[in-house]
Every structure is written in structure tokens, then in C-alpha cells.
Amino acid sequence: MKVAFATDDGSRVNAHFGQSPMFAVYNVTKNGGELVELRKLPAVLNQDEAGKIDCRLTAVEDCTLIFIMQIGASAAARVTRRKIMPVKVPFGSPIDEQVKRLVEMLQGKPPMWLAKVLRAEEENTGKGEEADGTIG
């Protein structure tokens, strides 16, 4: 599954969803996680709140989870309507540690919130677990 992290440096979760200058996107499976790309957002002067949210939603639309420091109520509602689960973590949390925790959850018995997300992803893609252990 693809997971996005709101960041300004590519190594820590240190940004609010609506102000994040980029998202580090990882592919995470039971076997580990790897960086797919850093998705930098264009700087748009005088962009209204809805425009900021739209721009960020487009940047993470293929992700299942998004790790953020904070997210506003209206943005959170729009994110979840797109079947993306926002996950709040403490400011400055290292992305590699969050990826490692997520891999460990996938290897064991995932908590209820993650199991629900994985089920929804399976229904959306029409696929279950692949032979190589990836979640597809």
C-alpha cells in the first residue's frame, strides 16, 4: 500500500496537512517499506484554503494512509471521503520509524483501524494479498 507523510525535509513528519510543502510517499508491505518519491507541491500565492486542500488531495490520492502532524476538520472529512486514513503523529516523528512500526503492524495482527483500512483497500482494488506478501 502507498503511504504519504507530510514533511518539509523528507525525513520527519513535521507538517500540517494544509501547509505541507511536500509528501514523502512510501510503498509499505509486510516485507518492509521503501520511498517511492517525494511529491513537492507548487507554491501558489494567495491560494485559498479549499485550493490548498484540493492540491494536497491530488498529491496523495493514490495513498491509503497519510501521516500528518495536524489536519483541520474540513480537510480531514475530505481526506476520509477519498478513502484515505489520516494518522496524527507527534511533531518531528522520524518517517523511517513510522514505516517500521507500520511494517510490524502488518506482520502481526493489525489494530482495528488498520485492518479496516486494509479491507477497504482490498474491496477497492478487487485484489487480496498477493503471493509475494504485498498488500495490493
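# Reading the labels on this model

Student: Why is Lys-83 called exposed?
Tutor: Its relative accessible area is 55%. Exposed means over 50%. Lys-83 is above that cut-off, so the label is exposed. Keep in mind that this is a predicted model.

Student: Where does Lys-83 lie?
Tutor: In the loop between H2 and S6.

Student: What makes the phi of Lys-83 worth a remark?
Tutor: The phi of Lys-83 is positive, about 65°, and the residue is not a glycine. Most residues other than glycine have a negative phi.

Student: Why does Glu-61 count as partly exposed?
Tutor: Its relative accessibility is 48%. Buried needs under 20%, exposed needs over 50%, and partly exposed is in between. The value of 48% falls in between, so Glu-61 is partly exposed.

Student: Where is Glu-61 found, and what is it in contact with?
Tutor: Glu-61 is found in the loop between H1 and S5. Leaving aside neighbours within four places in sequence, Glu-61 is in contact with Arg-82 and Ile-84. For a distance, take Ala-4: it is 57 residues from Glu-61 in sequence and 9.6 Å away in space, C-alpha to C-alpha.

Student: How do you know that Glu-34 is exposed?
Tutor: Its relative accessible area is 52%. The cut-off is over 50%, so Glu-34 passes as exposed. Glu-34 has its place in strand S4, residues 32–40. Outside the four places on either side in sequence, Glu-34 is in contact with Val-25, Tyr-26 and Asn-27.

Student: How far apart are Glu-34 and Asp-48?
Tutor: In sequence, 14 residues. In space, 33 Å from C-alpha to C-alpha.

Student: Why do Gly-108 and Arg-101 carry the label partly exposed?
Tutor: Gly-108 has 44% relative accessibility. Arg-101 has a relative accessible area of 43%. Both values fall between 20% and 50%, so both residues are partly exposed. Gly-108 is found in the loop between helix H3 (95–107) and helix H4 (112–125). Arg-101 is in helix H3.

Student: What separates Gly-108 from Lys-30?
Tutor: Along the chain, 78 residues. Their C-alpha atoms are separated by 8.9 Å. For Arg-101 and Arg-82, the values are 19 residues in sequence and 24 Å in space, C-alpha to C-alpha.

Student: Which residues of H2 are buried?
Tutor: Ala-75, Ala-76 and Val-79.

Student: How do you know where around H2 they sit?
Tutor: They cover an arc of only 100° around the axis, which puts them on the same side of H2. The face turned away from that buried side carries the exposed residues Ala-73 and Arg-81.

Student: What covers the buried residues of H2?
Tutor: The cover includes H1, strand S5 (65–68) and strand S6 (85–88).

Student: How do helices H1 and H2 pack?
Tutor: At an angle of about 35°, with axes 11 Å apart. H1 is residues 49–60 and H2 is residues 73–81. Their crossing is right-handed.

Student: Which residues make the contact between H1 and H2?
Tutor: From H1, Ala-50, Ile-53, Asp-54 and Leu-57. From H2, Ser-74, Ala-75, Arg-78 and Val-79.

Student: What is the make-up of the contact of H1 with H2 by class?
Tutor: Five nonpolar, one polar and two charged residues. Asp and Arg count as charged, so Asp-54 and Arg-78 are the charged ones.

Student: How many aromatic pairs come out of the count?
Tutor: Three. One of them is formed by Phe-17 and Phe-23.

Student: Why are Phe-17 and Phe-23 called an aromatic pair, and what kind is it?
Tutor: Their ring centres are 6.0 Å apart. Centres within 6.5 Å make a pair, so Phe-17 and Phe-23 qualify. Their planes are 45° apart. Stacked needs under 30 degrees and edge-to-face needs over 60, so this pair is tilted.

Student: Are Phe-17 and Phe-23 buried or exposed?
Tutor: Both are buried.

Student: What links Phe-5, Tyr-26 and Phe-67?
Tutor: Ring pairs link these residues into a cluster. Tyr-26 is also one of the contacts of Glu-34.

Technical notes: Residues numbered from 1 in each chain as written. Predicted model: local features only at pLDDT ≥ 70, side-chain atom pairs only at ≥ 80, totals over all residues. Heavy atoms only, no water. Axes fitted to C-alpha atoms, helices over the stretch in contact; angles between N-to-C directions. Helix = DSSP H or I, 4+ residues; strand = E, 2+ residues; numbered from the N terminus. Left-handed = near helix turned anticlockwise from the far one by under 90°. Contact = heavy atoms within 4.5 Å. Buried < 20%, exposed > 50% of the residue type's maximum accessible area, 1.4 Å probe, protein only. Arc of directions from axis to C-beta.
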